[in-house]
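Here is a report on one structure.

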Amino acid sequence: MAEPKVEIRPGGGHWGAMNRMGSKKEKLKNPKATLIRMTGYMEGNKKLLLTTFLLCAVSALINICATRINGFVVDDYITTGNMHGLLIICGILIMIYLTGVVSTYIQNRMMVRISQDTSSKIRKSLFQNIQKLPVSYFDTHSSGDLMSRLTNDVDNINVTLSQNITQLFTGIVNIVGMTIAMLLLCPVLFLVGLTAMPVMFLTTRFIAKKAQPYFVAQQKEIGRLNGYIEERISGQKVILLFGK
């Protein structure tokens, strides 16, 4: 599969959510196309990605099993005073938790490798596209904003890939696993917990909608700051020479 290209168009913005310059309103026009383009950058890491998701599922299932075993520890060993059995089950729990720690460590290492490789491809594609832009584009756009695209924007993608994707997948497995466990153990308790989910969902959605404009404003200010610093530093030599 051919590597997708990141575009910076003279008349407006560029790839995906980073459509900032020359646009008044920040909005992702085609999320599906953006997602497909992103997966294109990760095409060479399919095996690593699948292994990472498998390890995420293992970590989530380990946490669910360990939680259930803790319930058995309290009911069958601590309350009955069975110290010999308690020591054995504690040893089993230690092995389970160690397996979860190792699994989490490996999946984090793999995801960081994938995110770094993807970020490198995006930066390379951006830089190649910048070489094809006309001079008029650089006359009307801040060089600091271009620097911000190559650094801060790509770093945000890097963080999203290295942290949020694994957390999202692990969270989905946890929710499914905990739901099944609660239904098997106590359906009434599950229904009580289920009533809180719409409130949590609506609250999270409300906070996200309120926070997004501030995030967009932050990215714009970072671009302006980079432009200001770059122009001052690049012109400092000329200023000093004229001062002499």
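## Terms and basis

Buried means under 20% relative accessible area, exposed means over 50%, and partly exposed lies in between (1.4 Å probe, protein chains only). This is a predicted model, in which local features need pLDDT of at least 70 and side-chain atom pairs count only at pLDDT 80 or more, while totals for chains, interfaces and linings use all residues. Residues are numbered from 1 along each chain as its sequence is written, and side-chain values use heavy atoms, with hydrogens and water left out.

## Confidence

pLDDT is the predictor's confidence in each residue, from 0 to 100. The chain averages 78. At least 70 is reached by 87% of the residues. Helices are DSSP runs (H or I, at least four residues), numbered from the N terminus. Confidence is highest in α3, at 88, and lowest in α1, at a mean of 78.

Residues 9-26 stay under 50 in pLDDT. For this stretch the model has 48 contacts beyond four places in sequence. Contact means heavy atoms within 4.5 Å.

## Nonpolar cores

A nonpolar core is a set of buried Ala, Val, Leu, Ile, Met, Phe, Trp, Tyr and Cys residues joined through side-chain atoms within 4.5 Å. The largest has 14 residues. Met38, Met42, Met111, Ile114, Ile122, Ile157 and Leu161 touch the most other members. Two or more residues come from each of α1 (31-41), α2 (46-78), α3 and α5. Helix α3 gives the most, with five residues. Apart from this core lies another, of eight residues, including Ile69, Val73, Leu86 and Leu93.

Leu161 touches Met38, Met42, Met111, Ser115 and Thr118, not counting residues up to four places away in sequence. In soluble globular proteins, nonpolar side chains tend to be buried together.

## A buried serine

Ser103 is found in helix α3. Its relative accessible area is 4%, so Ser103 counts as buried. Leaving aside neighbours within four places in sequence, Ser103 is in contact with Leu55, Val58 and Ser59.

## Salt bridges

How many salt bridges does a search of the whole structure find? It finds three. A salt bridge is a side-chain nitrogen of Lys or Arg within 4 Å of a carboxyl oxygen of Asp or Glu. Arg123 and Asp155 pair at 2.7 Å, N to O. Arg123 lies in helix α3 and Asp155 in helix α5 (residues 143-185), so the pair ties together parts that are 32 residues apart in sequence. Arg123 is partly exposed at 27% relative accessibility. Asp155 is also partly exposed, at 33%.

Lys121 and Asp117 meet at 3.3 Å, N to O. They are four residues apart in helix α3 (residues 83-130), so about one helical turn separates them. Asp117 is partly exposed, at 29% relative accessibility. Glu43 bridges to Lys46, with the closest N and O atoms 3.2 Å apart. Glu43 counts as partly exposed because its relative accessibility is 27%.

## Nonpolar surface

Leu168, Ile172, Val176, Ile180, Leu184 and Leu185 make a nonpolar surface patch of about 620 Å². Patches are made of residues with over 30% relative accessible area and no salt bridge; like charges are joined within 9 Å, and nonpolar side chains (Val, Leu, Ile, Met, Phe, Trp, Tyr) within 5 Å. Accessible areas come from the Shrake-Rupley method with a 1.4 Å probe; for residues, only the protein chains shown count as cover.

Leu184 sits in helix α5. At 70% relative accessibility, Leu184 is exposed.
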